[in-house]
Amino acid sequence: MAILSDETIVLGARPYSNTSLIVTLLTKGHGKLRLVAKGVRSAKSRVGVGLEPASESHVEWSQRGGSDLGTMRKCETTRVYQRLWKDYEAMQVASRFLKILDVVLGVREGERAHYQLLRTSLEALEKGLDTAGMEGVFLLMLLKTMGLGPGLDYCAACEKKPGGETARFDVATGELRCARCPEPLAREMRLRAGAVAAMREILGLTPDKCYSIRFAGSLGSEIIGCAEAFLQYHGGKYLPKRSGRTPVSR
């Protein structure tokens, strides 16, 4: 049985017994984990407070070879994002990020880049950054960390240079087609020139700079829709439905 430790961010938790939880964590160096946290629901436990969604902890756990479920041994809370518990809109966006990563990553899947992206996103929310448009940025950066970032080559068919017109995005290839190209696309989405420019800029940023970008509010829904469609098509993952309205204006 291996004894391991790492820095973690809580993605979620569910009851396991009257006194225990199964906690899902994204770690800095071991990917996504599912651990049994024994006794943390009891009145005497001090650990349960540090297992709230989005909280950061240093965790030690034991893991049997071949098992997807480990056992938590120690948990030391290192950071709680206070703003998330005071700002409903910020918590809605943060919850969406946690759920997306839980769906996209399997147990023991995930790289340091995923951890860094989530941490950067939570820090941006904690600083009071406008939540509008953040989901589109998060999804595109997630695609980039997975090696699935769309190329957005324009125009891939006739080599026309970008202009101010609406483009056709090929979900299958990640390429763009100009409106004049007659080539049919099996699954296409329409993107305005501003959305294409914003997506290119986002994909060129590093995780620590990804929320520095500003773009027109009307483009948010296009960016989110495009990123979701591309992730679902190439990653084979159907993202959880949004609870309520996720703001897309900026």
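1. Helix α1 (residues 88–104) lies across β1, β2 and β3 and runs at about 120° to β1. Helix α2 (residues 112–126) lies across β1, β2, β4 and β5, at about 50° to β1. Helices here are DSSP runs of H or I with at least four residues, strands are runs of E with at least two, and both are numbered from the N terminus. Contact means heavy atoms within 4.5 Å. Axes are lines fitted to C-alpha atoms, for helices over the stretch in contact, and angles run from 0 to 180 degrees between N-to-C directions.

2. On the basis of the values: this is a predicted model, in which local features need pLDDT of at least 70 and side-chain atom pairs count only at pLDDT 80 or more, while totals for chains, interfaces and linings use all residues. Residues are numbered from 1 along each chain as its sequence is written, and side-chain values use heavy atoms, with hydrogens and water left out.

3. The barrel. 5 strands close into a barrel in the order β1-β2-β3-β5-β4, and the pairing is mixed. The twist from one strand to the next averages 50°. Two strands are taken to pair if DSSP finds at least two bridges between them.

4. Individual pairings. Strand β1 (residues 2–15) and strand β2 (residues 21–27) are antiparallel over 7 bridges, and Thr8 stands opposite Thr27 in β2. Strand β3 (residues 32–37) runs parallel to β5, joined by 2 bridges; Leu35 has Gly70 in β5 as its bridge partner. β4 and β5 are antiparallel, again with 7 bridges. In that pair Val59 stands opposite Cys75 in β5. β4 and β5 also form a hairpin with 6 residues between them, and Gly66 in the turn has a positive phi of about 85°.

5. Glu60 forms a salt bridge with Arg73, with the closest N and O atoms 2.9 Å apart. Because Glu60 lies in strand β4 (residues 56–63) and Arg73 in strand β5 (residues 70–79), the pair ties together parts that are 13 residues apart in sequence. The criterion for a salt bridge is a side-chain nitrogen of Lys or Arg within 4 Å of a carboxyl oxygen of Asp or Glu. By this rule the model has 13 salt bridges.

6. Glu188 and its partners. Which residue forms a salt bridge with Glu188 at 3.3 Å between the closest N and O atoms? The partner is Arg168. This pair links distant parts of the chain, with Glu188 in strand β8 (residues 188–191) and Arg168 in strand β6 (residues 167–170), 20 residues apart. The side chains of Arg168 and Glu188 also make a polar contact at 3.3 Å. A polar contact is a pair of N or O atoms within 3.5 Å; within protein, one must be able to donate a hydrogen and the other to accept it, and residues adjacent in sequence count only if both atoms are side-chain atoms. Arg190 meets Glu188 in a salt bridge as well, at 3.4 Å from N to O.

7. Accessibility at this site. Arg168 is buried, at 6% relative accessibility. Glu188 is partly exposed at 29%, and Arg190 is partly exposed at 48%. Buried means under 20% relative accessible area, exposed over 50%, and partly exposed in between, with a 1.4 Å probe and protein chains only.

8. Backbone points to inspect. Most residues other than glycine have a negative phi, and most peptide bonds are trans. Ala54 is not a glycine, yet has a positive phi of about 80°. Ala54 sits in the loop between β3 and β4 and is buried, with a relative accessible area of 2%. Arg108, also not a glycine, has a positive phi of about 70°. Arg108 belongs to the loop between α1 and α2 and is partly exposed at 42% relative accessibility.

9. Cysteines. How many disulfides does the rule count? The count is 0, where a disulfide is a pair of cysteine sulfur atoms within 2.5 Å. Cys75 is buried, with a relative accessible area of 18%. Cys226 is buried at 0% relative accessibility.
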